[in-house]
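Here is a short walk through one protein. Have the structure open as you read.

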Amino acid sequence: MHNSEVVSVEQGQLLVAKGNERFIAVLGTCVAVCLRDSLSGVCGITHFLLPVWSRGEPVSPRFGDIAVPELIERMLDAGGTLQTLQASVVGGMDSPIAVPEAGTHVGAANVGVALRALEGYAVAIASVSIGGAAGRRLVFSAGTGTVKVT
């Protein structure tokens, strides 16, 4: 068994790797999107805080509409292909914090942005663990592509 580096993925981070890393994220209303290319072994993760970038803010992967497409593009640059990418979407717990322009709360808006972006690139969704009243802890094992949510 190979030792693997444990990497904590914070809000606004986006990482791509090809190895045995284990990515860990703690999620409330935030969403993590984990991608793995089954053919090349390239994998990546993003952990975003808010659904949509507002023009007054710096462009950042803190926003789902920036983070998810950027993650997909970085995966492609690292040798992945859209046909062999698989995604897991985790987080987006229910919250009283509303996003008026989305007509829902921030967790649901984050999930919606992630799912729409993946659909727009025709990325297959392997698993989801979304919504609900509790936060989650995610462990994404890059070497195997397994996603464990507690």
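Predicted model: local features only at pLDDT ≥ 70, side-chain atom pairs only at ≥ 80, totals over all residues.

**Starting from the inside**

V68 touches V33, F48, A114, A117 and L118, leaving aside residues up to four places away in sequence.

V68 belongs to the largest nonpolar core, which has 19 residues. V33, L35, V68 and L118 are the residues with the most contacts inside this core. Which elements each supply at least two of its residues? They are β4 (31-37), α1 (64-77), β6 (85-91) and α2 (106-120). The largest share, 5 residues, comes from α1.

Now step back to the whole chain. The protein has 2 helices and 11 strands. From the N terminus on, the elements run β-β-β-β-β-α-β-β-β-α-β-β-β. Among contacts with a separation of 6 or more, 63% join residues 24 or more positions apart.

Next comes overall size. The C-alpha trace spans about 45 × 30 × 25 Å along its principal axes. A compact globule of 150 residues would have a radius of gyration near 15 Å, and the protein, with 14 Å, agrees with that. Buried residues make up 47% of the 150.

I125, V128 and I130 make a nonpolar patch of about 230 Å². I125 sits in strand β9 (residues 124-130). Is I125 buried or partly exposed? Its relative accessible area is 40%, so I125 counts as partly exposed.

Notes: Residues numbered from 1 in each chain as written. Heavy atoms only, no water. Patch = residues over 30% accessible without salt bridge, like charges linked within 9 Å, V, L, I, M, F, W, Y side chains within 5 Å. Areas by Shrake-Rupley, 256 points an atom, 1.4 Å probe, with all protein chains shown as cover. Salt bridge = Lys/Arg side-chain N within 4 Å of Asp/Glu carboxyl O. Helix = DSSP H or I, 4+ residues; strand = E, 2+ residues; numbered from the N terminus. Buried < 20%, exposed > 50% of the residue type's maximum accessible area, 1.4 Å probe, protein only. Core = buried A, V, L, I, M, F, W, Y, C linked by side-chain atoms within 4.5 Å. Contact = heavy atoms within 4.5 Å. Rg over C-alpha atoms; globule rule 2.2 N^0.38 Å.
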